[in-house]
Each structure stands twice: as C-alpha cells, then as structure tokens.
Amino acid sequence: MKNMSQYKVEMPVQDPLVRNKNFEEVALGYTPEMAMEEAARCLGCKHRPCVEGCPVSVQIPDFIARVAEGDFAGAYRVIRQTNALPAVCGRVCPQESQCESRCVRGIKGEPVAIGRLERFVADWARENLTGEEVPPVFNGHRVAVIGAGPAGLTCAGELAKLGYGVTIFEALHTPGGVLSYGIPEFRLPKYIVAKEVEGLQKLGVEIRTNMVIGRVESVDELMDEGYEAVFIGSGAGLPSFMGIEGEALSGVYSANEYLTRVNLMKAYREGYDTPIRRSRSTIVVGGGNVAMDAARCAKRLGAEVTVVYRRSEEEMPARREEIHHAKEEKVQFRLLCNPVRILDDGNGNVRAVECIEMQLGEPDASGRRRPEPVAGSEFLIEADTVIMALGTSPNPLLHRTTPGITVNRRGCIIANEATMATEKAGVYAGGDAVTGAATVILAMGAGKTAAASIHEYLSQK
Amino acid sequence: MFKIIKKKQLNSAVTLMEIEAPYIAKKAKAGQFIIFRVDEHGERIPLTIADSDAERGTVTIIYQAVGRSTIMLSQMNEGDSILDFVGPLGTATHLDGYKKVCVVGGGVGNAIAYPSAKALFNNGAEVDVIAGFRSKDIVILEDEFKAVCSHLYITTDDGTYGEKGFVTNKLQSLIDAGNQYDLVIAIGPIPMMKFVSKVTEPYGIKTLVSLNPIMIDGTGMCGGCRVTVGGEIKFACVDGPDFDGHQVDYDELMKRNSFYKEREHCDVDTCRMLNAKPE
C-alpha cells in the first residue's frame, strides 16, 4: 500500500529553546515505524529521476523499497554499494537541491524524505550490524590520498573495495576534514564520523594523521616511495577576511578558527584544554552554511548572536532548513547590512561593529543583484566577538610544493572535469581543492569519479 | 604516538626534549616549528624546532613551562609518549648568502635562535651571538652557542653573569664599535624583538624576527595566528614565523597574545622589558 500523504513523515527534533543550550543533535531521526511509513510514499518510478540528482548515484528506489518492507539490512547494502558515508550524507546533504528536488512526489506536495531515510538506514546499520565487512584482497598497487575529508575518504573507500592498498595522509590529528572540524556536533555527531571512518579502516584503508603533505613529504616523494597514483583532496581551508579596520582586534575570529576550536578541539566542553571566548554578544558576518553553523555554536556558548549579511534572505546561500533552525534558536538576522569597521575597546578587544545598510542594485556577473551601500546609513552594533564567515579558498601549500600541478586564478587546482586528472601524470584531484568551497556530497562525487579514473589508469599501466 | 627519547632540565623552568619523529627529522630546517598535543583532551601548542637529527630520527624541542600544556609536557619522562606531534611547519629561515650576522636571543628564545646560528655558522658566515637572560640561574645553551659562533656575548638583566644589561644595549655597542652586520636575527619575548628592531632600523640593517602568535592548526586554515606586517595580514604559520622586524605591528601581536589570559598565564605581564626602553 502506497502512502499518498502530500507531506513527509515528520522527524522529531529537540525543542529549539532547549537545544540552543546544548551541543546534542537537533534532529532525532526516524523510528523504524516512521521510516517504513515514509518509505511507502516512494512510487518506485521506473525512470528514477532521484538517482540522477545524487552525485554518487545511490540506487534510491531500491533501498527505499527495502525500507518499506522492513528489510533495513538489505537497504543498507544497497546504499553502501555507491555511498561510503551514508550516515553523513543523510544528515548534511542539501537534498532539496539534489535527489529530493527530482522526486516525482515533489510535484504535488513534498518529495519523499530520501535524506531522512538514508540517515535512518545508516543509523540502524551502525547499531545493529557488526563486523560484516572483510577487506578485499590486495591487488598489489598502492595509492596515496591526501586529505581525509569527504573527497579523500570516498576516493579511498572506492579504491579499497577494488583491492588497492590505500594510505590517507591527513594534516590534522583527526580524520574527517570539514566533517570533524567544521560541521558542528548538533548537526553531525562526531561519533558518527568516527564510525564511518572506522568502516573504511575495516576495508583496509590506512590513515596517517599529523602528516602535512607539502611540508613533511612532497607528492613526488610519495610517488618515489611506491604510490603509483595520488589523489589530492586537500579541500579549501584558507579563510578570507574583509580587509576592514579592526579585523586584527582580539575577539575577531575566522569561522574556521571558531569552528575548529569548538568542534575539533571541543573548547565548549569541560575538561578540554583549548580555550574559546565566552561571548556576551557575537556578530557573524556572512550568509552561508558556515555562518549558520558559527552562529548556532556561539548561541550555544551563551551569546546573543546576530548574523549580518549584505544581501537579502532570498540570496542567502545557506540551506533554508539551517536558516530556519537558526531563527527558531533565537539567532537574530540583520540583512542588507555590511560591516565597515570594527571598533576597539581601548585594550585591543572588540567593542562594536560599525555597519552600513545596503540596497540591491543591478545584477552582477553571478546573476545576483549587487548590494550597494546606502550613503549615511552607518550604525553601531555592540559586540565583543566577531566571526568572519566569508568563504574559503584552497590552501596553496600543495601546489606550491608540487611541480606540474597548475591552479587557476582563484587558487583551485586544475583537473579534468570528467576524470579529475591533473596535468601531472598519475595525480588526480577533487572536491573543494578543485572547485573552491562547495558541498560534502559534491566532494564525495569527485572522490568517486577520481577513484574510477585511477583504477582505469593503473589497470592500463 | 611520539616517544620522548631524552629529557634534560636546562634550568628550573626550561626543559629540553628529544622526540622520536623520523619523518619530521628528515625535513626540519632552522626556523620551522612543530605542533604538539599531549593527550586526547589537550590543546595544540606550537614550539620551534631547536635541533633535529635525521639519522637518529629525532627532533629536539626546548620550552618553558608557562601554561597547562607545557607544564604537562614537562612532567612527562623519557620513554613516555605524547599523542600528536606534527611538522615541520612554517617557512624555513632563509640563511644563505650572509657574511656577518648577529643572532640575538632572549630567554627561552635562545633555544630558537640556536638552530639559526648553527645553520649560518655552518654556511660559513661570521656569527656573533648575544644571548640575554634575566639572571645567572636561567642561562642556557652556553656551550652549544660557543661551538657555532665567532663571539658569544651573554647578558643578564641583573648582572649576575656576563655583562649587565639588556641585549639591546650590547647590540648597540657592537654596532657602535664598527661591526657591520648584514643581518640581525632576534628571537625572544615580543618587546625584546621590537626593541632590537628599533636599534637596527636607523642603520638599515636587515632584521628578522620569529613571531609567536596563538596558533591552532598551524597549516593556514584558521588565521588565528594572523599578524600585521607592513600593513598587510599574514598568517605566521605559513608565511612565517620569520618576518622583517621593521615591518611588524608588535603592539597588536602582544594584545592578541593576551586574549586568553584568563585561561592561560601569559608572560607579557611578567616581562621586565615592557616598561624599560633601550637607552
């Protein structure tokens, strides 16, 4: 029996005014009954538009059909054929612009809750399936993966399944990349990241942390050591600043620094040594997902939080759901507003931010209406902390130390779109290192494509 | 895990440790640093590489126990291991092509000045070292420096050892005596580096300082270590830690370094040079 409700089965969430004081997960996930009920909304279309919307081509109607039957283990096997990190994707993918945007049920009513179902299956499998995976037989070829973020983890998983000996080199002390240092616990619990990484290790992937490739070893040295191919998934971790007066004051953070202290170093938790400013009043500059994450973390650390964004809500690049969650948690928004300078309290600390009102003018090159300052509209917002969430670009360390790798003017590594091959033989790149800051699932798609190319390259060698 | 191979107390507050880290040992150059984390609850703390031995696969760090993490590290012993040790980070000091150099170290900063003096000396430069300390009981690395320089001048603030006074006084007198340095390297507390740079500025002597801002990742992804140099924002962990001493905004750096003072004791408060100006 199909469930013909126009609406998704609701997923329970923590109450906004309770959750904005803790770091526990906001969304609580489906029960088996809820999952089966929602799965019954899928029509099992023959032409499968949803699958085309998924960058890693999860066979969506197949896994959902198994959920509807209550065969959760079977559903998990279907997902795992194409997706190495389903518990992550089910939580952080922007499904509304990917799989769910193509769902036939979305034409009249809400699409099938594919993300929630994927998440349910992955969570169920984590709690109920044990020790299933046996590492494939080593095929004699070794591949190095630089960076243990979504692109690198996916590429490593795909190659390991094919029998390659894969070593991931990670600069930080914990694998996961943005999944570990960027996305907060309340959206993506870190034990889930750790568990998904463990799954890869069970496939035989070796992860070496504390290895900054470009400093401790070069790409060429890795190849000399017997790695026949290299995948660069080093991300886009270099934060941008505005270049305004007062940006060097104490209390001004890049979102990367703020989130790294909170998520990776657990500065919010008792018993951890890394400090963080316990702010009364925080301003977050920017309108992307990173800005929402930073704002919601600051709120949980006890601050009054205002997001300052130079365009209107319509142009905000953050997911609607994240903006909605932030508003429910009492994060304030000052839209069409831009910081001009940051004021000093006399001791080198932030006292306030001078902002100017903006209005939208003609569309710019990106097609979005260009924000222009309204003369004479300056005003002050009192704050002791400012978090700059203005976007990031690729770290230059790898290409500077790797002859043969070329980058475009934004510092992104140049790689063939179809194969992820760089201009250096045997070296592939993907994810934010190539595209600049984008999404987790696109990075995973790139990692998957690169793995297929590496397999083809080494098979022909 | 990274094993502590050797531990030696250089004075009551300063400890030397040799850590087993063969990959880092193979690549480390003067001016570069490591970041360590003692255990799962620990913070990431940067320390400059004082020496390295590629054959033994060890990296030497010398540090003063000033806060929680350095105190915890100083309580560990030979045979113990720390959880994380990553490097070599930062850009190595450019040391080629100099004929006559003065290396100025202040306090525990001498540990960082030492590898630069050694590299310059091995490159064939004439090296004068001015090593400044508060008092006799905290003098470190005297024999090590002697082996890698033409002249070693030790100063103490209170005159209990070597010459009485600050390193800036000694540097000024060496310049006045006609020494023509083509490079001065100053490594120590921020006020000391600031005032050494003030001494050399009128003579146009190129001066390198090694900055010590607060760091987290040390790989250029957070900007916590940003400093203003010549009016531009630089990330000390990738662009530095060495910078042109005449271009650095020291006051800003000092304020930024005291940001977490309530959490971590900071040596800015106790530095005697802050209130003293070179004559």
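## Polar contacts between the chains

Across the interface of chain A and chain B, 18 residue pairs are in polar contact, both partners at pLDDT 80 or more. A polar contact here is a pair of N or O atoms within 3.5 Å; within protein, one must be able to donate a hydrogen and the other to accept it, and residues adjacent in sequence count only if both atoms are side-chain atoms. On the chain A side, strand S5 (238–239), strand S6 (252–254) and helix H12 (255–264) each supply at least two residues that touch chain B. H12(A) gives the most, with 4 residues. Sorted by type, the chain A side holds 17 nonpolar, 15 polar and 9 charged residues. For that sorting, Ala, Val, Leu, Ile, Met, Phe, Trp, Tyr, Cys and Pro count as nonpolar, Asp, Glu, Lys and Arg as charged, and the others, Gly among them, as polar.

A word on ground rules: this is a predicted model, where local features need pLDDT of at least 70, side-chain atom pairs count only at pLDDT 80 or more, and totals for chains, interfaces and linings use all residues. Residues are numbered from 1 along each chain as its sequence is written, chains are lettered from A and ligands numbered from 1 in the order in which they are written, and side-chain values use heavy atoms, with hydrogens and water left out. Helices (H or I, at least four residues) and strands (E, at least two) are DSSP runs, numbered from the N terminus.

## How the two chains meet

In contact terms (heavy atoms within 4.5 Å), 41 residues of chain A meet 44 residues of chain B. The two chains bury about 3,600 Å² between them, 54% of it on carbon and sulfur atoms. That buried area is the accessible area (1.4 Å probe) that two parts lose on being put together, summed over both. In chain A, Asn210(A), Arg215(A) and Asp273(A) lose the most area to chain B, together 21% of what that side buries.

Asp273(A) turns up again in a salt bridge with Arg68(B), at 2.5 Å from N to O. Chain A and chain B have 2 salt bridges between them, each being a side-chain nitrogen of Lys or Arg within 4 Å of a carboxyl oxygen of Asp or Glu.

## Helix H12 of chain A

Back to H12(A): 10 of its 10 residues are buried, meaning under 20% relative accessible area, with exposed being over 50% and partly exposed in between (1.4 Å probe, protein chains only). Among them are Tyr258(A), Arg261(A) and Leu264(A). Just after the helix, Lys266(A) takes a positive phi of about 55°.

## A cysteine site in chain B

An unreviewed UniProt entry places the feature "binding site" at Cys222(B), Cys225(B) and Cys237(B). They span 16 residues in sequence, but no two of their C-alpha atoms are more than 9.9 Å apart, so they gather at one spot. UniProt positions follow the numbering used here, feature names are shortened, and annotations may be inferred rather than shown by experiment.

Cys225(B) sits in the loop between strand S13 (207–210) and strand S14 (226–229) of chain B, while Cys237(B) is in helix H7 (residues 236–239) of chain B. Cys225(B) is buried at 3% relative accessible area, and Cys237(B) counts as buried at 3% too. Leaving aside neighbours within four places in sequence, Cys237(B) is in contact with residues including Cys225(B) and, from the other chain, Arg215(A).

## A second annotated stretch

The "binding site" feature, again from an unreviewed UniProt entry, also covers Ile62(B), Tyr63(B) and Gln64(B). Tyr63(B) belongs to strand S5 (residues 58–64) of chain B, and Gln64(B) is in strand S5 of chain B as well. Tyr63(B) is buried, with a relative accessible area of 1%, whereas Gln64(B) is partly exposed at 28%. Beyond four places in sequence, Gln64(B) touches Ala13(B), Val14(B), Thr70(B) and Val108(B); Tyr63(B) has contacts including Ala13(B), Val14(B) and Leu47(B).

Most residues other than glycine have a negative phi, and most peptide bonds are trans. Against that background, the peptide bond from Gly87(B) to Pro88(B) is cis, with omega near -5°, and so is the one from Gly240(B) to Pro241(B), with omega near 10°. Pro88(B) is in strand S7 (residues 84–89) of chain B.

Lys330(A) has a positive phi of about 75° and is partly exposed at 46% relative accessibility. Leu141(B) has a phi near 60° and is buried, with a relative accessible area of 8%.
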